[in-house]
Amino acid sequence: MADDSIAVVDLDRCSPDRCNYECSNFCPPNRTGKECITVRGEDTEEGDPDQVRISEEICLGETCGICVEKCPFDAIEIINLPSELTEDPVHRYGENAFSLYGLPVPEPGKVTGILGPNGIGKSTAVRALAEEIVPNLGDYSQEPNWDAVLDRYRGTELQNYIKRLTEGDMAVAKKPQYVDQIPKQFDGKTRDLLERTDERGELDYLVDELSIRPVMDQDIDSISGGELQRVALAATLARDADFYFLDEITPYLDIGQRVKAARLIQELAEDDEADRSMLVVEHDLAILDLLADSLHVAYGEPGAFGVVTDPKSVRNGINEYLKGYLTNENMRIRPNAITFEEHAPRETTARDVLVEYPDLKQSYGEGEFSLEVEGGTIRQSEVLGIVGPNGIGKSTLAQMFTGSVAPDEGDLDFRLDISYKPQYIEIDQPMRVDTFLSSITDDFGSSYWNTEVAQPLQLNRIMEQQLTDLSGGERQRVAIAACLSKDADLYLLDEPSAHLDVEQRVQATTAIRRYAENHDATVMVIDHDIYMIDLLADRLMVFDGEPAEHGHASQPQEMRAGMNDFLADLDITFRRDERTGRPRINKPDSQLDRQQKKQGEYYYAP
């Protein structure tokens with residue numbers, strides 16, 4: 001195989017007990033007596049003895065690809081690497097395994113962002129920068145050592161960082177990606193967890209700024225996902241570190257909490273006396289745009305190889321990523337651009353009424369949370385966006401609509417079939433993905449279902465995995481598919497963007513939108529990602545009030561009016577990027593921010 005190609009065997013998918021080694025039997029080099037595709041054998045360090053390995057020296061590369069076509073489980077990839085990759089990988093996990101090219105460069109006093117798909121090596125890069133792994137520079141047959149890594153990066157911006165790291169002069173603080181795992185690792189009160197991490201004496205300030213004082217004396221396993229996210233952020237920022245790594249700060253946070261979190265991270269980075277480096281992986285482009293000082297784009301083939309580019313300006317990096325073409329690298333990373341010009345506020349047309357609901361009230365008792373909902377109508381074949389702060393009653397409304405919570409006042413005798421995807425996805429069934437989805441719909445596996453659901457949600461490669469083994473993003477996509485696969489009058493999805501990367505969010509948006517249009521279906525989407533709401537919604541229902549005390553839901557209204565009400569309450573203005581049309585948060589008190597507020601146009605100046 002040429003030096004610019006790699007062979008990857010997905011050991012989670014390779015199932016020799018269920019095949020006849022078609023990859024090996026049909027391999028042209030094997031048929032001439034060469035040992036290109038062989039079993040790993042008893043001495044294998046990774047995988048099972050009966051699983052296959054591919055000799056990259058003998059393999060004919062992508063020009064052949066017969067093994068890729070013959071493998072019944074899609075476990076093999078033969079990939080031509082970009083010709084621009086002139087150096088060996090920074091790290092390769094083993095034979096026929098994932099390779100990472102390039103590392104991000106943490107800059108003291110700055111916030112560095114990383115933008116790229118899931119499974120592209122962002123976490124591997126951070127593990128290297130946190131000294132959790134020693135990069136092997138592509139040679140997995142030898143014991144890696146930091147001296148070789150230092151030689152590799154001598155004379156670059158990373159040299160000083162690596163030198164400090166290896167000399168023990170670099171303290172690291174990390175916020176995990178999946179905060180819902182915290183209760184499984186820590187048993188106690190929120191206060192106990194946070195006081196254990198308070199190394200800078202700033203805990204009280206962080207607790208107040210992140211509004212988590214009400215949960216300080218609660219058990220960590222009793223608080224919500226949004227509260228867990230803010231607790232994890234406070235625990236990380238309270239540490240006295242030189243390098244902070246923050247993996248996805250926005251899941252389960254509302255837009256106001258996201259902006260607050262971004263400002264706290266910027267404050268910590270801008271402390272001139274501390275000289276701290278901040279590295280943030282984030283999929284909410286509006287927050288990443290607001291937060292970061294520079295940006296690395298990561299691209300490649302998820303699960304096979306990843307490339308981390310040199311730093312770019314934040315605006316250019318995001319725009320190039322959306323366009324699908326990286327200018328300096330002369331690299332197309334996606335066949336089609338992600339565009340926003342044709343969307344938001346979408347022109348709405350008169351549609352038949354699906355259901356009319358009355359004024360509703362719900363109270364959980366004296367001194368507890370209460371919700372008031374203005375009566376309104378939901379139209380046939382529309383996507384209704386639902387926005388508002390956390391703890392304001394959006395999920396309570398969803399539960400009233402589905403019948404799991406009965407309102408104290410108002411009758412919801414819908415007589416509608418409702419398919420519901422909850423906010424928090426609990427999966428404990430020992431069942432394969434394909435078995436689970438086929439139990440929901442008779443259309444499973446049909447050309448229609450594959451085109452409308454499986455392909456846009458990128459499910460094909462995880463069909464044979466166990467539900468309990470899925471990542472957070474994979475669980476989210478399966479849950480969306482399960483919701484859309486049911487035969488219903490109303491589809492209600494609570495925070496479908498959580499743990500999805502940018503492209504997955506766009507694909508999920510496409511699937512939801514297309515399903516509504518093609519099936520004359522009505523969809524309600526609760527989400528905090530303005531990009532997703534921007535691309536998806538026809539109209540908007542806005543919640544306001546005092547979180548955890550009382551909430552109020554307006555009638556569904558047109559997008560511009562609804563977003564203006566929503567953003568005015570948060571004191572945030574959005575503009576459109578003149579090149580891509582994407583939403584961008586205005587810097588607080590900037591000229592454009594003041595101008596739009598004066599005009600009352602918080603959601604893009606018309």
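Tutor: Helices here are DSSP runs of H or I with at least four residues, and strands are runs of E with at least two, both numbered from the N terminus. The model is predicted, so local features need pLDDT of at least 70 and side-chain atom pairs count only at pLDDT 80 or more, while totals for chains, interfaces and linings use all residues. Residues are numbered from 1 along each chain as its sequence is written, and side-chain values use heavy atoms, with hydrogens and water left out.

Student: Which residue just after α4 takes a positive phi?

Tutor: E131 does, at about 65°.

Student: How many residues of α13 are buried?

Tutor: Seven of the 10 residues in α13 (314-323) are buried, including V314, N319, E320 and Y321. The buried residues pack against β7 (111-115), α12 (285-291), β11 (294-301), β13 (325-326) and α18 (502-518). Just after α13, G324 has a positive phi of about 85°.

Student: At what angle do α8 and α10 pack?

Tutor: Helix α8 (190-197) and helix α10 (225-237) pack at about 25°, with axes, lines fitted to C-alpha atoms over the stretch in contact, 8 Å apart. The two helices are therefore roughly parallel (under 35 degrees). Contact (heavy atoms within 4.5 Å) is made by T190, L193, L194 and T197 of α8 and by V231, A234 and A235 of α10.

Conventions
Buried means under 20% relative accessible area, exposed over 50%, partly exposed in between (1.4 Å probe, protein chains only). Axes are lines fitted to C-alpha atoms, for helices over the stretch in contact, and angles run from 0 to 180 degrees between N-to-C directions. Angles under 35 degrees count as roughly parallel, over 145 as roughly antiparallel, 65 to 115 as roughly perpendicular and the rest as oblique.
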